[in-house]
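Biologist: I've just opened this one and I'd like to learn how to read it. Could you walk me through it?

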Amino acid sequence: MLRPRKPASPFRYFNSSPEVIRLVVLMYVRFPLSLRNVEDLLFERGIDICHETVRLWWNRFGPLFAGEVRRQCTRHMRGFRHWRWHLDEMYVKLNGEMVYLWRAVDHEGEILESYVTKTRDKKAALAFMKKALKRHGSPEAITTDGLRSYGAALSELGTREKQEVGRWANNRVENSHLPFRRRERAMLRFRQMRTLQKFASVHANVHNHFDHERHLADRQTYKQRRSAALAQCQALAS
């Protein structure tokens, strides 16, 4: 009887240890650091790598790590019975032109989906909602701003009755834009839509994993959650 073949390690062609690669990727994605900031911080720890190596590693392993984190979260999030979504779009400058980053956030602040388009019409809103619904299931209510593209897309999906629009009702997703804005400034903006889409998705999943809402828990509980999250990240792609 043939034994099932063990999946090949994604680190097999790299001379550096998996622990160093994980550290580099998480530092760059999680914190508002530039490529050269990460290089300098690692040099102080005795790890001498080039900033272009940081770029290579996050491009190669960032989506891999984020995908594992997302799969762990999606399994239990689909079981929520009273799940509310907040949808919003934000401007992102790309080579001097404005594009739109659509984002879906649940009632607890978890970033569910990120989607980049050149327009914010009904077609773009529909593609974004279909992607979010396919991956995460259907919520009980969807809160949006007054953009008419949301209403048109929800009508086509047959879920217009779930839409809620109100003043200050969408503050949850508006506030969730701030970590991405801080990260965007450190990267000196983006140059390609593909890079923006990749980084927005990776950053959202890593941010969800380490966002423990420390203001809602005591110090001991927060330390336990932080240690558990760090241990899970250290086991990624192992």
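Modeller: Let's start with two strands. Two strands pair if DSSP finds at least two bridges between them; here β1 (residues 84-94) and β4 (residues 141-144) pair in the parallel sense over three bridges. Helices (H or I, at least four residues) and strands (E, at least two) are DSSP runs, numbered from the N terminus. A word on the source: this is a predicted model, where local features need pLDDT of at least 70, side-chain atom pairs count only at pLDDT 80 or more, and totals for chains, interfaces and linings use all residues. Residues are numbered from 1 along each chain as its sequence is written, and side-chain values use heavy atoms, with hydrogens and water left out.

Biologist: Which residue of β4 does W85 stand opposite?

Modeller: That's I142.

Biologist: What is the order of the strands in the open sheet?

Modeller: The five strands run β3-β2-β1-β4-β5, with mixed pairing. β3 (111-117) and β5 (163-165) are the edge strands, each pairing on one side only. From one strand to the next, the twist averages 25°.

Biologist: Which strands does helix α4 touch?

Modeller: For contact, look for heavy atoms within 4.5 Å. For directions, axes are lines fitted to C-alpha atoms, for helices over the stretch in contact, and angles run from 0 to 180 degrees between N-to-C directions. Helix α4 (residues 122-136) packs on the sheet and touches β1, β2 (97-106) and β3, its direction making about 150° with that of β3. Helix α7 lies across β1, β2 and β3, at about 170° to β3.

Biologist: Is H86 buried or exposed?

Modeller: Buried means under 20% relative accessible area, exposed over 50%, and partly exposed in between (1.4 Å probe, protein chains only). H86, in strand β1, counts as buried because its relative accessibility is 9%.

Biologist: What does the side chain of H86 make a polar contact with?

Modeller: A polar contact is a pair of N or O atoms within 3.5 Å; within protein, one must be able to donate a hydrogen and the other to accept it, and residues adjacent in sequence count only if both atoms are side-chain atoms. For H86, the partner is the side chain of N170, at 3.2 Å.

Biologist: Which residues of α8 are buried?

Modeller: Y222, A229 and C233. They cover an arc of only 40° around the axis, so they sit on the same side of α8; that arc is taken from the directions from the helix axis to the C-beta atoms. What covers them includes α1 (18-30) and α7 (193-210).
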